[in-house]
Amino acid sequence: MPDYRKKRRNKIFSSPQKVRKSRVKNANESEDIKMSPSKRPAKKTSEKSNMRVITGKKLEQKRRFKVFAATVSVLIIAVIVLQIIFPAGIIRTVSNNLALLGSGSYPIELESSDTLNCVSKGSHYYVLSDTMVYSFAASGKELFSYNHGFENPVIKTSVSGALVFEQGGTGAVIFSLSGVTGEIKTEKEIITAAISDSGNYAIVSRSDKYASTVSVYNKSGKRLYEWYSAQDTVNNAAISPNGKKLAVSTFSANVGQYNSKLRFLEFDSAESEHSESFEGSIVYSLENTGGSKLAVVTKNGVKFIKWSDFKTTDYENGYSAAFFRAGKGGSTAVFNRENDKTDNRIVIFSKKGEKTAEFEFKGIISDIAVYGGHIYCMSDTDIYLLDSSGKILRKASCGFGAVNLCITATNTAVVVTDNKIEKIKLEQ
């Protein structure tokens, strides 16, 4: 039986035992915990938050790289395009164009007594005398003058500059439109030379071990290439407008007959990239035509050869070559009878070397030029403007003593004498 006796407890240290209530109210009440979304108190508008959203830099770096790559690509393309348009480089081209700014006047007095040559480049021209070399803008402004001091001076020109050398001597001077850019001394006598639109130039000289030596330099005077002709003499040289290829003509004599050979060379090999032979003939000159072709002038014809793939266009004439001039928009050649200089055949060629016109001209031709599809012919004391059929469109008197002719604008001629330059307008 249960013991209901009263138990004795310590009244001081004991306390009544607490009765724990069950957490389950009743058996029917579920033990699942009810969930409800927490409600955050609304932030006060005046309270500033210290929290920031931090994003990675990967996307920004990719975007910056794309912009950089696109900018570099555009700059590279622009440089390539400008290099094609301006073979001499942007700096020299800008310098030359700045030199052309300004005006001058005619007539111009020359400090010389014997004019040897005059070469027109459209916007400017060069005059070579026995003592001086000049460059003038079409307006008459003097670009530079230089006392060369050579006994037998010869001038070679390009769009970007000129080279004057002493044939049979050892000196050469290189010019831009601003003046002298370099001088060179060779060990042996200079035979000929050439300069390209890029500013690269070649010097052909004699040699102790070889028949001829050809040295190619860049516009800063650094030697790029050297080629030796063991047996045949090099009599002409030309450099492509971009300055990357060299062409040379050589000649030899065999049983009283002259034979010539033309070679195209790249600067990484002594072997010819392309060659052609001219039996029984001498190559008179090699001329860049202002386009992509090289004109090879022989006794009875002109052959145009493309610098890139060496495709050729030929022209033959029964008369002998007297003049060849490359000009704006094309080139022209004059062939005449060896025993009758008044019987001439004038031929006009396009930039591609295709014949566009041919006609007769009766009279001694002192000089000739092509400009704007027309021919300007100096004969005796007159200058004639001829169309493609030989018809006289305009005429002007140039007086006695005229040596060379330069065309600076339509219907306008610059006539050079031994001591003066005059500007003449051709009238109908």
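I keep in mind throughout that the model is a predicted one. The partner of lysine 188 is aspartate 208, with which it forms a salt bridge whose closest N and O atoms are 3.0 Å apart. I placed aspartate 208 in the loop between strand 11 and strand 12 and lysine 188 in the loop between strand 9 and strand 10 (190-195), so the pair ties together parts that are 20 residues apart in sequence. Aspartate 208, at 65% relative accessibility, counts as exposed.

My search of the whole structure gave 12 salt bridges. I noted one between aspartate 343 and arginine 345, with the closest N and O atoms 2.9 Å apart. Are aspartate 343 and arginine 345 buried or exposed? I found aspartate 343 buried, with a relative accessible area of 6%, and arginine 345, at 17% relative accessibility, counts as buried because the cut-off for that class is under 20%. Both residues also belong to a network of salt bridges that links Arg337, Asp343, Arg345, Glu360 and Lys362. I then turned to glutamate 358, which forms a salt bridge with lysine 355 at 3.2 Å between the closest N and O atoms; here glutamate 358 is partly exposed, with a relative accessible area of 35%, and lysine 355 is likewise counted as partly exposed, at 47%.

I counted 16 aromatic pairs in the structure. One of them joins tyrosine 201 and tyrosine 217, and I recorded the pair as stacked, with 5.3 Å from centre to centre and 20° between the planes. Tyrosine 201 lies in strand 11 (residues 201-205) and tyrosine 217 in strand 12 (residues 212-217), so this contact ties together parts that are 16 residues apart in sequence. Both of these tyrosines are buried. Tyrosine 210 and tyrosine 228 form another stacked pair, with 4.6 Å between the centres and 25° between the planes. I located tyrosine 210 in the loop between strand 11 and strand 12 and tyrosine 228 in strand 13 (residues 223-229), 18 residues apart, and the pair thus links distant parts of the chain. Tyrosine 210 is partly exposed, with a relative accessible area of 33%, and tyrosine 228 is partly exposed too, at 38%. Elsewhere I noted a cluster in which ring pairs link Phe304, Tyr315, Phe324, Phe335 and Phe349.

I traced an open, antiparallel sheet of 4 strands in the order 6-7-8-9. Which strands stand at its edges? They are strand 6 (153-157) and strand 9 (179-185), each of which pairs on one side only. The twist from one strand to the next averages 20°. Strand 8 (residues 171-176) is joined to strand 9 by 6 bridges, and within this pairing I found valine 173 opposite glutamate 183.

I traced another open sheet of 4 strands, in the order 1-32-31-30, again with antiparallel pairing. Strand 1 (108-109) and strand 30 (404-409) each have a single partner strand, so one side of each is left without a neighbour in the sheet. Between strand 31 (residues 412-416) and strand 32 (residues 420-425) I counted 5 bridges, and alanine 413 stands opposite isoleucine 424 there.

On the surface I found a nonpolar patch of Phe65, Phe68 and Val72, which together have about 330 Å² of accessible area. Valine 72 lies in helix 1 (residues 58-85) and is partly exposed, with a relative accessible area of 30%.

Key:
Residues are numbered from 1 along each chain as its sequence is written. This is a predicted model: local features need pLDDT of at least 70, side-chain atom pairs count only at pLDDT 80 or more; totals for chains, interfaces and linings use all residues. Side-chain values use heavy atoms; hydrogens and water are left out. Two strands pair if DSSP finds at least two bridges between them. Helices (H or I, at least four residues) and strands (E, at least two) are DSSP runs, numbered from the N terminus. Axes are lines fitted to C-alpha atoms, for helices over the stretch in contact, and angles run from 0 to 180 degrees between N-to-C directions. Patches are made of residues with over 30% relative accessible area and no salt bridge: like charges are joined within 9 Å, nonpolar side chains (Val, Leu, Ile, Met, Phe, Trp, Tyr) within 5 Å. Accessible areas come from the Shrake-Rupley method with a 1.4 Å probe; for residues, only the protein chains shown count as cover. A salt bridge is a side-chain nitrogen of Lys or Arg within 4 Å of a carboxyl oxygen of Asp or Glu. Buried means under 20% relative accessible area, exposed over 50%, partly exposed in between (1.4 Å probe, protein chains only). Rings of Phe, Tyr and Trp (its six-membered ring) pair if their centres lie within 6.5 Å; planes under 30 degrees apart count as stacked, over 60 as edge-to-face and the rest as tilted.
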